[in-house]
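Please consult the sequence and the structure while reading.

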Amino acid sequence: MLHRSITVAGVEVFPLCDAVGAMGESIRRPMAQMFPGGCHGGSDEWILHFHCYLLRDAAGRTVLVDTGIGPRDSLAAGWAPVPGSLGAGLARVGTAPEEVDAVVITHLHSDHASGAVVAGASVFANARHLLQRAEIDAAGEEVLDRVVRPLGDRVQAVAGGAEVLPGIRVLLTPGHTPGHQVVQLGDLVLTGDVVLHPVQLEDPRVPYLYDADPELATLTRVELLDKVRAAGGMIGTAHFAEPFTRIA
């Protein structure tokens, strides 16, 4: 699925649709269990759109936000529609994997991180990979072995807010995972899994079944959306059908 790019604060933002599909049976639950208290309408089927984002600044430098679900044998294979098509999406916007300057992994869940390493090798071989130190510290051995350790010294562990490139920052937004982070540029925030479903825009206090710390995730979501709304800004989400949403 193709989406148009937008330009924010002099940075072109390309949404890259890695895949579209429902969760696999191993983790699929009724919507009332996934998002308790939310108004879900008539459908009980959640079709996820798996979005990554490529940022290209005026100097031609590139930042990739999340690396998608990866190949058929990735960590996401048990529940997500593998393989992902991130490579094809990058090619469509004129960027080869070796041309990516920095990668921000919002968190280490398999649909966001599995495309970083394929067959034991870094896909984005010339890129720094920014992760929150708290996310690395909380990761299980399989994720460390298959994603983090193969990246070696390409990993840039940060603690809290940090600049990726001038005008592009990461912010610590814990709750969904201990070291979840978002990316901010101008009035746009790329939210990762802070906001997963439109029901959480209708009521940000609606929790998500698979948040590591639901109470903290709710506090983070409310605070982040309040800040974006106060700035008249927009969000770029990982799993909505449309990537960009203006927050009124």
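Predicted model: local features only at pLDDT ≥ 70, side-chain atom pairs only at ≥ 80, totals over all residues.

Residues are numbered from 1 along each chain as its sequence is written, and side-chain values use heavy atoms, leaving out hydrogens and water.

**The largest pocket**

- A pocket is an open set of points on a 1 Å grid over the protein atoms alone, where a 1.4 Å probe fits, with protein on both sides within 12 Å along at least five of seven lines.
- The largest pocket holds about 280 Å³ of space, a volume being the space filled by probe spheres set on the points.
- Its lining (residues with an atom within 4 Å of a point) comprises 16 residues, of which Leu 171, Thr 173, Glu 223, Leu 224 and Lys 227 are closest to the centre.
- Helix H7 (214-230) is among the elements that give two or more residues to this lining, and H7 supplies the largest share, six residues.

**The nonpolar cores**

- A nonpolar core is a set of buried (under 20% relative accessible area, 1.4 Å probe, protein chains only) Ala, Val, Leu, Ile, Met, Phe, Trp, Tyr and Cys residues joined through side-chain atoms within 4.5 Å.
- In the largest core, of 25 residues, Leu 16, Leu 64, Leu 108 and Phe 124 touch the most other members.
- Helix H5 (141-151) is one of the elements that supply at least two residues, and H5 gives the most, with five.
- A second, separate core of 22 residues includes Val 11, Leu 165, Leu 185 and Leu 188.

Methods: Helix = DSSP H or I, 4+ residues; strand = E, 2+ residues; numbered from the N terminus. Buried < 20%, exposed > 50% of the residue type's maximum accessible area, 1.4 Å probe, protein only.
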